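Here are my notes on this model. Please read them alongside the coordinates.

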Amino acid sequence: MGTRIELHLFGAADDSATVEARRAIEAVDDALTIHRPSPTTALNECLMAGRKVAIDDPVLFDALIEIEAAYVATQGLFDPAADARSGAAGWGAVSFDRSNARIEASQPVALDLGGFGKGFALDRACDALRSAGVLSALLSAGESSIAVIGEHPLGGGWPFAIPHPLRPEQVLVELELRDEALSISSTVGAGAHAPDRAAMIRPTDGAIVTGQRSTVAVDFSGARAEVMSTALLVADEDQASRFLDGQQTRCLLFDFVREATMTASPVGLVA
Amino acid sequence: MIDKDFDLTRRSFIDHVLKASAGVGMASAAPWAAFAAGAEPAQSDRVRLGVIGTGDRGRALIQNIAKTRNCTVAAICDNYGPHLAKGRALVAAATPAFTDHRAMLDAGGIDAVVIATPLHLHARHSFDVFDAGLHVWCEKAMARTIADCGAMVKRSQDSRKILQIGHQRMFHPTYLNALRRVKAGEIGSVTQIRASWHRNNSWRRPVPADATDRQINWRLYRDSSAGLMTELATHQLQVGNWFLDAAPTRVIGSGSICFWKDGREVYDHVALIYEYAGGRKFIYTSLLNNARYGCEEQIQGSTGTIEPELGRIYQEVPPKVLALQRMQKDVARGHKRTVPIGGATWFPELPVTTPGESLGWGEFDETMLQFEAFGEAVRRGTPVPGLLRQAYHASVASLMGEQAMDSGRPVDWPSSLVSV
């Protein structure tokens with residue numbers, strides 16, 4: 001994942017809790033990374049070559065189940081197989097046989113599970129900590145993915161402030177989490193200009209997303225929060241409105257292009 | 001520049017030297033500075049200097065001697081005709097010129113001798129000058145071997161004649177001001193100096209038809225030089241010893257002829273670590289095929305850094321507090337507040353690029369001042385305090401660095417040095 005993950009545990013906790021959480025995170029990284037040989041890179045080689053392949057790795061298998069569900073839930077807006085550089089066909093070309101743990105693609109595709117993997121790893125680490133009896137903890141994966149267990153150690157929800165990506169000295173939004181995960185995605189701000197960061201594309205039509213947007217998603221699942229913040233970031237306005245209707249996830253969309261023409265605070269569409 | 005302008009510049013320069021050397025602890029750390037700045041002007045009865053070696057460096061020295069108010073060049077000598085001719089052009093027409101330094105010494109009419117010859121000749125020339133009953137000002141490094149360095153000191157002591165070595169940084173107001181600020185605690189405890197002298201040229205000079213390669217490029221051959229160590233590192237080792245107020249206890253190093261494989265015998269890449277008491281270190285590199293980092297000494301303290309060649313002092317930047325670390329501390333003290341996220345969860349440890357502040361005082365007449373100090377010492381018959389010890393230890397350090405690189409083993413500071 002190429003991301004720094006921090007675990008902050010509060011209250012009585014067995015030392016083994018941290019060890020188990022770390023193992024869970026490393027297991028996800030080992031399975032989903034594409035930056036060194038892994039089950040995912042092996043899978044990608046087969047999919048790019050047009051071969052059907054059996055999924056032997058249980059972590060990758062679980063991830064694929066969630067990805068398939070996310071693709072459906074976001075009406076194709078979340079697509080880890082979409083890649084503007086390669087012109088890959090996307091998840092729509094993938095056929096995942098869950099009952100036989102086999103996968104194939106009708107056209108060459110390759111999966112990049114990096115963003116999803118952060119939330120997925122946080123979920124598994126939280127599971128490990130809860131199993132070890134941890135009642136209060138904060139986990140972060142990089143600068144934009146947070147998960148909390150229980151309440152803040154001093155009581156109540158965990159209060160977070162998300163800075164404005166264009167004016168970091170200003171707060172964009174404040175919110176509280178309880179046993180939830182949060183994901184932030186943005187097309188603007190410092191992280192959006194990393195040298196090796198690929199352009200965001202809208203999987204449904206292949207368009208490069210040029211708007212200045214930030215999205216925030218809060219869900220009981222870190223993986224779903226990643227999926228929702230990513231999908232909302234690339235959605236066009238109609239898709240975003242439809243997408244936000246009826247979601248279980250708390251989602252916020254900030255459109256900074258529209259903000260520039262308004263006297264009020266940025267547009268926040270809340271589901 | 002007219003004389004009046006020069007006097008003003010000179011006065012300003014001397015004022016800066018005096019101001020820098022007046023700080024707490026400076027009297028013992030740089031006793032030569034006040035001595036030099038207080039040299040009496042002598043429009044007549046100047047100290048008469050004979051100069052052996054009128055190559056590039058020797059001629060630069062002649063020009064600096066001409067700026068002094070108490071010295072004059074009374075004779076010159078070089079065994080290479082074209083150099084001697086260039087030297088003649090810089091001195092009065094009646095100034096005697098010699099091709100043999102013994103003939104110059106025998107001719108008399110001089111009080112002291114300036115030696116600007118290839119390194120391996122320094123000791124022999126110094127001995128001859130002392131034997132003639134004269135004082136010596138010699139270019140750094142002192143000599144080709146540690147034994148010869150010691151012998152030069154011993155001959156000076158036995159003959160009661162002054163031996164002064166050219167280390168102009170000791171007279172540079174920016175260096176003196178840097179030391180004053182170190183002594184005042186402005187950069188905390190100095191535990192490391194990282195120094196470099198990086199150039200991007202072969203260091204090889206064209207050889208005229210009437211000369212030999214070893215005559216012109218003596219710096220490249222082991223008989224006559226230790227290359228980068230004696231010609232460049234010596235200066236910076238002197239700065240290291242001076243600012244760390246000690247001689248090194250041990251050195252490890254690696255040297256190679258890595259880029260200029262042109263028949264030279266001395267290393268074109270050197271990397272060394274000099275250890276000092278208390279775990280302090282002087283880390284040195286010099287090379288001849290990359291000039292990005294140039295010549296500098298980075299004097300690193302617990303609260304700041306000084307780079308005297310750039311003339312800058314930098315304070316350490318307080319570490320940023322990460323949001324999640326702050327949250328941990330808040331909880332520990334029972335304080336709940338909003339955690340800012342979406343920002344850095346860690347900070348890359350990139351070089352700090354704060355501009356720092358100027359150490360000031362950019363006049364560069366330090367070579368002139370060290371000759372005024374020498375002239376004053378000759379007139380008084382007493383050495384400039386502190387100088388020879390600095391120079392001797394710098395030369396020894398450079399040569400033990402060569403030994404460490406040649407042997408591939410650590411070399412301890414010699415236990416049998418002459419007491420200065």
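**Notes on strands and packing**

1. Strands β2 (residues 53–54) and β4 of chain A run antiparallel and are joined by 2 bridges. A:Ala54 has A:Arg102 of β4(A) as its bridge partner. Strands here are DSSP E runs of at least two residues, helices are H or I runs of at least four, and both are numbered from the N terminus. Pairing requires at least two DSSP bridges between two strands.

2. The model is predicted: local features need pLDDT of at least 70, side-chain atom pairs count only at pLDDT 80 or more, and totals for chains, interfaces and linings use all residues. Residues are numbered from 1 along each chain as its sequence is written, while chains are lettered from A and ligands numbered from 1 in the order in which they are written.

3. β4(A) also pairs with β3 (residues 94–97) of chain A, antiparallel, over 4 bridges. A:Val94 is partnered with A:Ala105. In this hairpin 4 residues separate the strands, and A:Ala101 takes a positive phi near 50°.

4. Of the 271 residues of chain A, 44% are buried.

5. Chain B has an open sheet of 9 strands with mixed pairing, ordered β15-β13-β12-β11-β7-β10-β9-β8-β16. β15 (357–358) and β16 (411–412) stand at the edges with a single partner strand each, so one side of each lacks a neighbour in the sheet.

6. Within chain B, β9 (residues 269–276) and β10 (residues 280–287) run antiparallel, joined by 8 bridges. B:Ile273 stands opposite B:Ile283.

Definitions and conventions:
A residue is buried if 20 or more other C-beta atoms lie within 10 Å of its own, exposed if 12 or fewer, and partly exposed in between; C-beta atoms are placed from the backbone.
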